[in-house]
Amino acid sequence: LLIALFVGYKIRSSRLNDEIFKSREKRFALRQKTKVEHVHDMMNGISTQLWKVESNSAQKTGKANDKSKRLVYMMIPGNPGISSCYVRWMQMFVSMFMDNNNKYDSICVYVVSHANHAYDINNSN
């Protein structure tokens, strides 16, 4: 009975988390303001994920000119070091930053996982 209650609680909290994120996704217009790119799954033969989250203003300008200012932010998560858990929140960070920013023309966030803290697509590790 205790296990069933725990599982039920986890399912409800997961659904609640998804509902909260969907409302924030709509509120901050994440799909319109950000672009997410899964850059790498393997680095030097080790299962390591690298994600790139950037503001859409960076894409509109194309190549950066000499006068544009771009903030590059590197996020390395703590334990357990799984980068994909932070992609949604980095989208929100980028969107909110661009809404409240007057110093930079664009922002690019890289999220890198710890070595071997990612799904190994080749089952080599």
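1. In this predicted model, methionine 90 is in contact with Val53, Tyr73, Met75, Val109 and Val111, once its neighbours within four places in sequence are left aside.

2. The largest nonpolar core has 9 residues, and Met90 is one of them, together with Trp51, Val53, Met75, Val87, Val94, Ile107, Val109 and Val111. The elements that contribute two or more residues to this core are E2, H4 and strand E4, which covers 106-112. As background, nonpolar side chains in soluble globular proteins tend to be buried together.

3. Turning to charged pairs, the structure holds 3 salt bridges. In one of them, the side chains of lysine 33 and aspartate 99 meet with an N to O distance of 2.8 Å. This pair links distant parts of the chain, since lysine 33 lies in helix H2 (residues 30-33) and aspartate 99 in helix H4 (residues 87-99), 66 residues apart. Both partners are partly exposed, lysine 33 with a relative accessible area of 29% and aspartate 99 with 41% relative accessibility.

4. Glutamate 54 forms a salt bridge with arginine 70, and the closest N and O atoms of the pair are 2.6 Å apart. Here too distant parts of the chain are linked, with glutamate 54 in strand E2 (residues 46-55) and arginine 70 in strand E3 (residues 70-75), 16 residues apart. Is glutamate 54 buried or exposed? Its relative accessible area is 7%, and because buried means under 20%, glutamate 54 counts as buried, whereas arginine 70, at 36%, is partly exposed.

5. A further salt bridge joins glutamate 37 to lysine 35, with the closest N and O atoms 3.9 Å apart.

6. Finally, on the cysteines, how many disulfides does a search of the whole structure find? The search returns 0 disulfides, a disulfide being a covalent bond between the sulfur atoms of two cysteines. Cysteine 108 is buried, with a relative accessible area of 1%, while cysteine 85 is partly exposed, with a relative accessible area of 46%.

How values were computed:
Residues numbered from 1 in each chain as written. Predicted model: local features only at pLDDT ≥ 70, side-chain atom pairs only at ≥ 80, totals over all residues. Heavy atoms only, no water. Salt bridge = Lys/Arg side-chain N within 4 Å of Asp/Glu carboxyl O. Helix = DSSP H or I, 4+ residues; strand = E, 2+ residues; numbered from the N terminus. Buried < 20%, exposed > 50% of the residue type's maximum accessible area, 1.4 Å probe, protein only. Core = buried A, V, L, I, M, F, W, Y, C linked by side-chain atoms within 4.5 Å. Contact = heavy atoms within 4.5 Å. Disulfide = S-S within 2.5 Å.
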